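Let's work through a few exercises together, one step at a time. Keep the structure open beside you and try each task before you read its solution.

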Amino acid sequence: MFYRDERLALFIDGSNLYAAAKSLGFDIDYKLLRQEFMRRGKLLRAFYYTALLENDDYSPIRPLVDWLHYNGFSMVTKPAKEYTDSMGRRKVKGNMDIELTVDALEIAAHVDHIVLFSGDGDFKPLVAALQRKGVRVSIVSTIRSQPPMIADELRRQADNFIELDELKDVIGRPPREPREFTDRAPTTADEGDGEGDEG
């Protein structure tokens, strides 16, 4: 479903893709992801959307955001809103659907094919609008998780569905091996439970 001469743009719903990959038990190597789609067509842009907690001194996603920014991804971020729900639980809200939709509609005139990394059914009207503009739309998500991460109506609307699990060997990061301590003398920090540093 890809043609070498078609102009491609990737739209990555960061939290949705992260949840889908996690449900399949792997982490995504974004350098490999970008290379894979450069191989499939003429990649014009790769957008990554995520909300960031503004009051956190250290957000676990910050290193990824910085790395993506320096490695060819167009980053779209906004502050996440933190609130307490009626049960007293701390919740974070940071929906990026509007930003992604506006950007996709703006770039539609310049691309032949958009690849949307999300299973969110709210994107069905966007996919239909892009198709009316003559753009083919592929969706990357998974039906192999429990429950499936892709909304049925989104999958039906798409021109092409790409099962994320089938990309695992191409864009998955190899699991990190526990470090060995054979190249140096043991220290007191290594004693105690007798297990090596996991990472």
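**Exercise 1. Which residue in β7 stands opposite isoleucine 139?**

Step 1. Isoleucine 139 stands opposite phenylalanine 161 in β7. Strands here are DSSP runs of E with at least two residues, helices are runs of H or I with at least four, and both are numbered from the N terminus.

Step 2. Before going on, note that this is a predicted model, where local features need pLDDT of at least 70 and side-chain atom pairs count only at pLDDT 80 or more, while totals for chains, interfaces and linings use all residues. Residues are numbered from 1 along each chain as its sequence is written, and side-chain values use heavy atoms, with hydrogens and water left out.

Step 3. Strands β6 and β7 (residues 160-163) run parallel and are joined by 4 bridges; two strands pair if DSSP finds at least two bridges between them.

Step 4. Between β6 and β7 the chain passes through helix α6 (residues 152-157), in a right-handed β-α-β crossover. Right-handed means that, with the strands pointing away from the viewer, the path from the first strand over the helix to the second runs clockwise.

Step 5. Phenylalanine 161 also has arginine 155 over its face, 4.7 Å from the ring centre. (A charge sits over a ring if NZ of Lys or CZ of Arg is within 6 Å of the ring centre and within 35 degrees of the ring normal.)

**Exercise 2. Why is strand β6 described as largely enclosed by the rest of the structure?**

Step 1. Start with the term: buried means under 20% relative accessible area, exposed over 50%, and partly exposed in between, with a 1.4 Å probe and protein chains only.

Step 2. In β6 (residues 136-141), 6 of the 6 residues are buried, so the strand is largely enclosed.

Step 3. Now check each face: Arg136, Ser138 and Val140 are buried on one side, and Val137, Ile139 and Ser141 are buried on the other.

**Exercise 3. What is the bridge partner of isoleucine 114 in β6?**

Step 1. Find isoleucine 114 in strand β5 (residues 113-117).

Step 2. Its bridge partner in β6 is valine 137. The strands β5 and β6 run parallel, with 4 bridges joining them.

Step 3. The chain gets from β5 to β6 through helix α5 (residues 124-132), and this β-α-β crossover is right-handed.

Step 4. Isoleucine 114 counts as buried, at 2% relative accessibility. Leaving out residues up to four places away in sequence, isoleucine 114 touches several residues, including Ala9, Phe11, Leu130 and Val137; contact means heavy atoms within 4.5 Å.

**Exercise 4. Why does the pair of phenylalanine 11 and tyrosine 49 count as stacked?**

Step 1. Rings of Phe, Tyr and Trp (its six-membered ring) pair if their centres lie within 6.5 Å; planes under 30 degrees apart count as stacked, over 60 as edge-to-face and the rest as tilted. This rule gives 7 aromatic pairs.

Step 2. The ring centres of phenylalanine 11 and tyrosine 49 are 6.2 Å apart and the planes lie at 15°, so this pair is stacked.

Step 3. Phenylalanine 11 is in strand β1 (residues 7-13) and tyrosine 49 in strand β2 (residues 42-53), so the pair links distant parts of the chain, 38 residues apart.

Step 4. Phenylalanine 11 counts as buried, at 1% relative accessibility, and tyrosine 49 is buried at 1% too.
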